[in-house]
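Morning, everyone. Have a look at the screen.

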Amino acid sequence: KKDFKENIIVKKKYNKLVENFAEKNFKNKKILGVHFRGTSYKRSPGHPFPATKKQILNKIKEIQIKEKIDKIFLVTEEKNYKDFLLSKFGSKIIYLKSPYRSNINDAFEIYPRNIHRFKLGREAVIETLLLSKCDIFIYVSSNIASASIAWNLNSKQKKYKINNGINSN
């Protein structure tokens with residue numbers, strides 16, 4: 001964590017975006033951060049298996065009862081997952097509108113936006129910082145989750161890891 005914080009420097013304009021979003025959406029609220037991986041994690045050799053819709057839904061409901069959360073900050077690259085959680089929790093769900101989402105693993109194969117790969121990286125950094133600010137965090141092992149935990153922008157954050165094992169090589 002120390003090396004991470006000392007060697008990874010986020011541009012001021014991105015920190016400002018994070019602060020503005022958090023001020024508008026997180027202030028005086030208990031926020032549950034959910035990193036719901038899909039697409040490539042379903043089939044990628046050597047990667048953790050993602051959480052299922054049922055696992056995420058049940059864990060959110062369990063935490064909702066126990067922690068009395070106000071909002072759920074959702075980070076997912078899969079459009080189906082975003083739509084699923086919106087159908088279950090409606091206006092309780094908050095998320096960045098800009099990130100690229102798809103129902104297939106095409107983020108690094110199709111480039112639908114100008115400077116698409118740069119934007120994917122920028123969006124990942126901003127969402128990671130926001131997850132780090134949440135009061136509670138549900139995740140599976142991923143680079144996003146690891147970076148969020150390393151940034152540790154909320155030292156009192158409670159963490160819930162879903163571990164479904166690792167896909168074979």
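**A pocket, some rings and one phenylalanine**

The second largest pocket has a volume of about 180 Å³. Here a pocket is an open set of points on a 1 Å grid over the protein atoms alone, where a 1.4 Å probe fits, with protein on both sides within 12 Å along at least five of seven lines. Points are joined across faces, edges and corners, and the volume is the space filled by probe spheres set on them.

Ground rules, quickly. This is a predicted model: local features need pLDDT of at least 70, side-chain atom pairs count only at pLDDT 80 or more, and totals for chains, interfaces and linings use all residues. Residues are numbered from 1 along each chain as its sequence is written, and side-chain values use heavy atoms, with hydrogens and water left out.

Back to the pocket. Its lining residues, those with an atom within 4 Å of a point, include Glu19, Phe26, Lys133 and Asn154. Which helix gives the most to the lining? Helix H2, residues 12-25, with three residues. By type, the lining has six charged residues, four nonpolar and two polar. Charged is Asp, Glu, Lys and Arg; nonpolar is Ala, Val, Leu, Ile, Met, Phe, Trp, Tyr, Cys and Pro; the others, Gly among them, are polar.

Now the fold. The chain has six helices and five strands. Those are DSSP runs, numbered from the N terminus: H or I of at least four residues for helices, E of at least two for strands. In sequence order, the pattern reads α-α-β-α-β-α-β-α-β-α-β. Of the 169 residues, 48% are buried, meaning under 20% relative accessible area with a 1.4 Å probe, protein chains only.

Next, rings. The whole structure holds five aromatic pairs, meaning Phe, Tyr or Trp rings (six-membered ring for Trp) with centres within 6.5 Å. Phe36 and Tyr81 are stacked, planes under 30 degrees apart: 3.9 Å centre to centre, 10 degrees between the planes. Phe36 sits in the loop between strand S1 and helix H3, and Tyr81 in helix H4, so the pair ties together parts 45 residues apart in sequence. Phe36 is buried at 0% relative accessible area; Tyr81 is buried at 7%. Elsewhere, ring pairs link Phe21, Phe26 and Phe73 into a cluster.

Last stop: Phe84, also in helix H4, residues 79-89. Buried or exposed? Phe84 is buried, at 15%. Leaving out residues up to four places away in sequence, Phe84 touches Lys53 and Leu57, with contact meaning heavy atoms within 4.5 Å. The C-alpha atoms of Phe84 and Leu57 are 9.4 Å apart.

Conventions:
Buried < 20%, exposed > 50% of the residue type's maximum accessible area, 1.4 Å probe, protein only. Phe/Tyr/Trp six-rings, centres within 6.5 Å; stacked < 30°, edge-to-face > 60°.
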